[in-house]
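Welcome, and please open your viewer. We will go from stop to stop, selecting as we go.

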Amino acid sequence: MRVIRVGTRKSQVSLARIQTDSVVATLKALYPGLQFEIIAMSTTGDKILDTALSKIGEKSLFTKELELALERNEVDLVVHSLKDLPTVLPPGFTIGAICKRESPYDAVVFHPKFVGKTLETLPEKSVVGTSSLRRAAQLQRKFPHLEFKSIRGNLNTRLRKLDELQEFSAIILAAAGLQRMGWQNRVGQILHPEECMYAVGQGALGVEVRAKDQDILDLVGVLHDPETLLRCIAERAFLRHLEGGCSVPVAVHTAMKDGQLYLTGGVWSLNGADSMQETMQATIHVPAQHEDGPEDDPQLVGITARNIPQQAQLAAESLGISLATLLLNKGAKNILDVARQLNDAH
């Protein structure tokens with residue numbers, strides 16, 4: 001039996017492991033004749049837990065070691081949260097599949113003594129923990145009575161810090177992560193786009209493979225969810241064109257309706273005081289899978305999807321670029337540059 005080796009971040013009950021297991025379970029069902037072996041390893045992001053993510057300044061925090069293993073042919077594919085994958089991948093790698101997106105929204109988990117509250121009704125000067133500049137900038141603007149403070153660690157660690165230290169009244173986490181861990185019961189509030197737009201790719205899983213490994217590309221390509229793929233191409237193209245990363249607050253919201261792809265994107269200053277948001281739409285035909293034959297293999301924002309018509313992918317990419325261009329023309333670059341400088345200075 002052929003063995004397919006799957007790389008993941010080390011830690012037993014971790015989100016990374018649960019996400020990997022779910023993709024492997026899907027692949028096993030599709031390919032009963034293949035064997036899948038999961039290989040776990042530690043990454044830089046897992047080792048540096050005392051520094052805010054935006055300060056470490058390394059785009060590939062959680063992906064570097066896994067990519068090395070891919071490069072050395074020690075594993076054949078790696079499952080990531082798509083939002084952890086930079087919009088430009090190192091040469092030789094590609095995202096061979098984007099699975100159906102779960103909730104892209106952010107969720108608020110409250111300290112036991114504040115259960116039943118919302119961010120709006122938390123007492124003045126309550127401290128809310130988040131590791132994300134994007135969330136902090138938007139929420140500071142929306143809820144000026146709250147204070148936002150960095151909190152690091154995996155989901156288990158963050159929930160423990162919330163419950164055991166009396167430091168935080170609430171923390172903000174991705175709803176999808178809490179769902180996958182089976183902790184929906186801790187969600188006290190879901191933040192909708194008008195309160196907090198989400199990160200590029202949030203809620204979706206990406207499968208990274210060697211760009212030249214045709215066998216594995218064909219194997220994982222069936223996992224592509226057409227709507228998620230097109231939304232995420234538009235989001236990633238927007239971010240790439242803005243040159244945003246972890247160190248600046250950039251957020252998006254996408255929706256697919258009646259053949260139209262809607263993309264809302266925004267940029268914020270670190271404290272949320274300056275902001276700029278716009279929405280654009282494009283007509284995109286969401287294909288039934290395998291409607292066209294395989295196409296050539298150009299990568300768009302690091303993604304290879306041969307079973308989805310190229311025209312739809314290009315239209316999604318072009319929408320992202322157009323929206324970023326619109327914001328840049330209106331002065332977004334200045335907001336982002338200042339945010340970057342301030343973040344580097346801290």
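Which residue is the bridge partner of H80 in β10? Select G206: in β10, G206 is the bridge partner of H80.

Before moving on, note that this is a predicted model, where local features need pLDDT of at least 70, side-chain atom pairs count only at pLDDT 80 or more, and totals for chains, interfaces and linings use all residues. Residues are numbered from 1 along each chain as its sequence is written, and side-chain values use heavy atoms, leaving out hydrogens and water.

Now colour β3 (residues 77-81) and β10 (residues 205-210): these strands run antiparallel and are joined by five bridges. Helices (H or I, at least four residues) and strands (E, at least two) are DSSP runs, numbered from the N terminus.

Next, pick helices α9 (residues 226-242) and α10 (residues 310-329), whose axes come within 7 Å and cross at roughly 35 degrees. Axes are lines fitted to C-alpha atoms, for helices over the stretch in contact (heavy atoms within 4.5 Å), and angles run from 0 to 180 degrees between N-to-C directions. Among the contacting residues are L229 and F238 of α9 and A316 and L323 of α10.

Finish at R158, in helix α6 (residues 155-164). R158 is buried (under 20% relative accessible area, 1.4 Å probe, protein chains only).

Conventions: Buried < 20%, exposed > 50% of the residue type's maximum accessible area, 1.4 Å probe, protein only. Lys, Arg positive; Asp, Glu negative; His and termini not counted. Salt bridge = Lys/Arg side-chain N within 4 Å of Asp/Glu carboxyl O. Pairing = 2+ DSSP bridges.
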